[in-house]
Amino acid sequence: MRDLHQRCHLRLQQVLHEGDIAVDATLGNGYDTCCLAEAVGQSGRVYGFDLQFQAIESTRTRLEESGLSDRVELIHSSHSNWNVLPDQLKGTVRAVTFNLGYLPGGDHELTTMSATTLEALTGGMAMINHH
């Protein structure tokens, strides 16, 4: 699994550039969020969603330790709740990451559900810059 994450992070670094906008739809422990924040640079922005407060706090700590917290907005909400993002972001997002399942080290009873994930994927497609 680690190899898959490394390949995904490498691809994100190839696609994202300084000033881009990205979304981490499922924060987890913040590894993908940090990768996105590094890739979009100081003038970029990352929006990160998670329902679990533990994921928000874990990600916040990881971002602060990496000096990246100033370019990330953490949103304590479902990944299907795209309407919390500013309308002007529609069509400008360069990448969206999803790491589905349960929070590593967290409550395995809490997991992503297919219905909200389908909503999140549909909402994410509307936000993506297709150029």
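Just after helix α2, Gly41 adopts a positive phi of about 70°. Helices (H or I, at least four residues) and strands (E, at least two) are DSSP runs, numbered from the N terminus. The model is a predicted one, in which local features need pLDDT of at least 70 and side-chain atom pairs count only at pLDDT 80 or more, while totals for chains, interfaces and linings use all residues. Residues are numbered from 1 along each chain as its sequence is written, and side-chain values use heavy atoms, with hydrogens and water left out.

The buried positions of α2 are Asp32, Thr33, Cys34, Cys35, Leu36, Ala37, Ala39 and Val40. Across the whole chain, buried residues make up 44% of the 131 residues.

The chain contains four helices and four strands, and its pattern along the sequence reads α-β-α-β-α-β-β-α. The four strands form an open sheet in the order β3-β2-β1-β4, with parallel pairing; two strands count as paired if DSSP finds at least two bridges between them. At the edges lie β3 and β4 (93-97), each of which pairs on one side only. Neighbouring strands of this sheet are turned by 15° against each other on average, direction ignored. For such angles, axes are lines fitted to C-alpha atoms, for helices over the stretch in contact, and values run from 0 to 180 degrees between N-to-C directions.

Within the sheet, β1 and β2 pair in the parallel sense over four bridges, and Asp24 stands opposite Gly48 in β2. A crossover is right-handed if, with the strands pointing away from the viewer, the path from the first strand over the helix to the second runs clockwise. Strand β2 (residues 45-50) also pairs with β3 in the parallel sense, over five bridges. In this pairing, Tyr47 has Glu73 of β3 as its bridge partner, and Asp50 stands opposite His76 in β3. The passage from β2 through α3 to β3 is likewise a β-α-β crossover, and it is right-handed. Five of the six residues of β2 are buried, so this strand is largely enclosed by the rest of the structure.

The helices can now be placed against the sheet. Helix α2 lies across β1 (21-24), β2, β3 and β4, running at about 180° to β1. Helix α3 lies across β2 and β3, at about 165° to β3.

The largest nonpolar core has 18 residues, and those with the most contacts inside it are Leu16, Val46 and Leu63. Such a core is a set of buried Ala, Val, Leu, Ile, Met, Phe, Trp, Tyr and Cys residues joined through side-chain atoms within 4.5 Å. Two or more of its residues come from each of α2, α3 (53-66) and β3 (72-76), and α2 gives the most, with six. A second, separate core of 11 residues includes Val23, Leu85, Met127 and Ile128.

Not counting residues up to four places away in sequence, Val46 touches Ala22, Asp24, Thr33, Leu36, Ala37, Val40, Arg71, Val72 and Glu73, where contact means heavy atoms within 4.5 Å.

Methods:
Buried means under 20% relative accessible area, exposed over 50%, partly exposed in between (1.4 Å probe, protein chains only).
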